[in-house]
Each structure stands twice: as structure tokens, then as C-alpha cells.
Amino acid sequence: MTSNPTAPTELVDDARNPSAAAERRPTPGIEEFCAAAADLLGPGSVIRDAAAREKASCDWAHMSPILSAKLPAGHAEVVLRPTSHEQLPGIMALAHRHRIPLTPRGKGTGNYGQAIPLYDGAVLDLTGCGRVLDAGDGWIRAEAGAKMSDLEAHARTLGQELWMFPSTFGTTVGGFLSGGSGGTGSLVHRTNGDGFVRELTVVPCTADAEPFTVRDTEALPYIHAYGTTGITATATVRLQRARTWTGLFAAFDDWASATAGLSALVRLEPAPRLVSLDEADLVRVYQVDPALDPTALNVRAIVEDDAVDAARAIVRAHGGRVLEVRPAPDGPALISSLSFNHPTYHLMKAEDGWFHLEIGGDVLLGNRDGDGDIAEIRKVFPGTLLHLEGMRSGTVGMLMARYEDEQTVHEGIAALEALGVGVHSPHNWYVDRRLDLVREAARTADPLGLLNPGKIPGKVPDTGPRQETP
């Protein structure tokens, strides 16, 4: 993980001043674009209602106090709601012809501001394109707006399951691939850019908007690129044999034993689907449940039924106690819902004044003689709370602390990196993964820079002279 670049000045200045956003002039050509879009999609799919436009202009960027200070950062002038992926080429050709900025979104659950239309224009709501199209041995294909929960349910009818799904289980597959990273299943399969995608159908923002297909590693420039390299129309992702999962909930009294228990559970065979650790002060903000102990370090694991006894033995061997073993669906569902960034959400919902960072590195585990480097990590931000996710590729998690100001956050990131902690900052809305690949793909898929403009650092949309409508 690496820290993110700072925001381009021209966007920061505008976004920090709500009145500046409110005083923006309408995008030239927006009325002609809306009329043409209504002809293409039907008037009911071209939404000008103020409440709908307001909702479509926001995501969960407010979880960042740094981004919150820059909101509102843009406002949809129209919301387009196609009902099938076959309609997407027509929309893209219209946007190119009229030079209208176009920001795609699914359920809007991302918290980096990925779905905020920084340059106004149109928001493309893909939730109406939600069909599961086909499935076979080891794969499932769906429209971008299909929910991950629907993909998992369909796969289960075939005796299979997804490689992974995010902690927000109802997010769309397009949203997860375009703006997400990992989740339940990442313990083995890592991120959505590590082989999860088998094939994407992508629609470019060009004059002819001819869809194209990318497979396997060819899909990398279109994963976690926020739609800047083309709109995902359909996605084919990988499945595996369905297994019967059980939730195991345990408690430990100190960091060294808890992290040792977590590490041992990660190495359990057959591999768990998820293993998480929370400090007591995080657990106390969760809903009261006998499987959760707000006075101790909590370790939770989704394990196969046949591995429950072995998981129990690991907990006991490392000085922990099993609180409960809860079968599917309730046990695994609860553990998934408290994974990755959801502890941050629960903490911020319960109390004001927190911020978070995405962190990584086995330095977070400390050592058997005590906290080790953890004590130094906690000194960077007094009052730090930690949530960890066990991975076979290395430990990741969330660091939460009291917010002072933006400069203190950036200074703390540098201090953490000096201690060997990998840091990814969720406090900007710019593409920061595989940026060279993204820039190269965007040159041909979006030559005018109209797709989610402002999300590729330094690139602004060309909304200059428009072509006449044929």
C-alpha cells in the first residue's frame, strides 16, 4: 500500500467552497443531450428531479473528514437509468457527441468519492442493468448493475460460490470491480484485480461507442479505475465449489495472543473464507450479541464445517476462548458484515470525530513477547483503534483515530510508513492504482476525458465545440 497523491489545486479550491459548486453554470449542451437521451431510453429513464439528482451526486465520501470539507464537489444535472446493457453504447455515443461529462455509479457505497460527479453533467445509474446472464463451471456473467448477493445466490443453485464478495454484500458487481478491492474470500484470492475477473465487456466513450471485450490480465486497466477507462457493461467473474461455512467467534485478552491466533487461523486447512480481529473499543459500538465480547479482543472466522474442531483447538492453543459457533447463514453473514471498512462505519455512526486509514503489513501483528512495534504504531495517532483482516498474502486492516486536521493525517501517514506499515489513504477521490495502465487505456476509451472526469490526476474533460447532431 502507498499513500495517495494530493488533489489537484483547481478541484480542491472549488470543492472546498460549496457556493462555488452551486454557482456553476449548466454544462453547455445539457438540454440537447437530455432530449436525445429521452428518445433513446424513454423519458422515465432520464431523471431531472432535484432529489434524485442530489442523491446521485453523493456516495460515502463523508466518512472522510478531509473529503467532507470539500463537499459538495459536484452535482448531477441529470440522472440516466438504463434498463439493459444493450442501451449503453447509445448513451456513450450521445455523451461523446454532446461532450457531456458522464459519471457511472452502482449503489454508491464507495467511500473515496469515486461516484461524485466532480464536473457535473450526467450520472449514469447502472442499478437498472441487473440481470444475471449466464453461468457455467467456474464462472458467472452478469450485467454491471447486478448485486453481488444475487450472483452468490445464483451460483449456489449450481453448487458453486463466488471467489469473493465485499462487506457491502448488496453492492453491484460493476461497482465492486470499478471502485472496490476485496472482501470475504480475499484471505486466499487477494483482491478483485488478482484473477477474480475472467472477462469484461466495456463500452468506450467514443463516436461509435463500439463495445469491446477484455479477458484475464487484459482487464486490469478497467478494475478499480472508477469507470474512467470505459463503462463496464457485463462482467464475468470466477466461481469455486460451494462449501458449507460456519462462523466461529472467539475472545483473547492481549494483542500478542490474539494476533497469533489470527495468524494460525489464516493458515488453517481447508482455508477459511475470512478471519478478522477487532479491539474491544470497536466491539463496544456493535449491536449487542452473545457472540461478541466488548471487554476483549475479538477474533472471528468463517470456516468450513469440517474445520470447526481444528479452529477451536487453535483458539485454545493461543490462550483464547470460543464465545460461540454459529452456523450459516447467520454466523458467516454477521462476520462478513463486520469486516474490512464496516467497523469504521459502525464507529463513526456511534461517535463523531474519527478518521480512518487503510493499513497493511505483518508488522501489525506484533510478537509473542508483547506488542512489539504495535506500541510505536499507536503513538503515531493517540487513541488508535485497530481492525485487522488476516490474509495469506499479508495482514491488512483499518486504523481509526481521532481527527485533528489534514496536515496531522499526512504527517502520521509518513510516520507509519517509516515504521513499516503500508498505508492507503481513503481521503481523496483520485485513481491511484495501476495509474499508468489506466492513463493508457483512457486515451483510446475516452479521448475527450468525459468519463468520471477529475478522477485521473491532472486530466480534465474536453467540453469544447460540439458536433452537430446528425
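Here's a quick briefing on a trio of paired strands, one threonine among them, and a pocket elsewhere in the model. Keep in mind that this is a predicted model. Strand E6 (residues 139-143) pairs with E5 and also with E10, and the second largest pocket draws on helices H7 and H13 for part of its lining.

**The strands**
- E5 (residues 132-136) and E6 run antiparallel, with four bridges joining them.
- Two residues sit between these strands in their hairpin, and glycine 138 there takes a positive phi near 90°.
- E6 and E10 also run antiparallel, this time with five bridges.
- Alanine 142 has a bridge partner on each of these strands: valine 132 and, in E10, alanine 235.
- E6 is mostly covered, with four of its five residues buried.

**Threonine 234**
- You'll find threonine 234 in strand E10 (residues 231-241).
- Threonine 234 counts as buried because its relative accessibility is 1%, and the cut-off for buried is under 20%.
- Leaving aside neighbours within four places in sequence, its contacts include Arg141, Ala142 and Glu143, along with His85, Leu133 and Glu199.

**The second largest pocket**
- This pocket has a volume of about 310 Å³.
- It is lined by 18 residues, and the closest to its centre are Phe165, Phe169, Arg273, Pro332 and Ala333.
- Helix H7 (148-157) and helix H13 (330-337) each supply at least two lining residues, and H13 gives the largest share, four residues.
- By type, the lining has nine nonpolar, five polar and four charged residues.

Notes:
Residues numbered from 1 in each chain as written. Predicted model: local features only at pLDDT ≥ 70, side-chain atom pairs only at ≥ 80, totals over all residues. Heavy atoms only, no water. 1 Å grid on protein atoms, 1.4 Å probe; cavity = no way out; pocket = protein on both sides within 12 Å on 5 of 7 lines; lining within 4 Å. Points joined across faces, edges and corners; volume = space filled by probe spheres on them. Nonpolar A, V, L, I, M, F, W, Y, C, P; charged D, E, K, R; others polar. Buried < 20%, exposed > 50% of the residue type's maximum accessible area, 1.4 Å probe, protein only. Contact = heavy atoms within 4.5 Å. Pairing = 2+ DSSP bridges.
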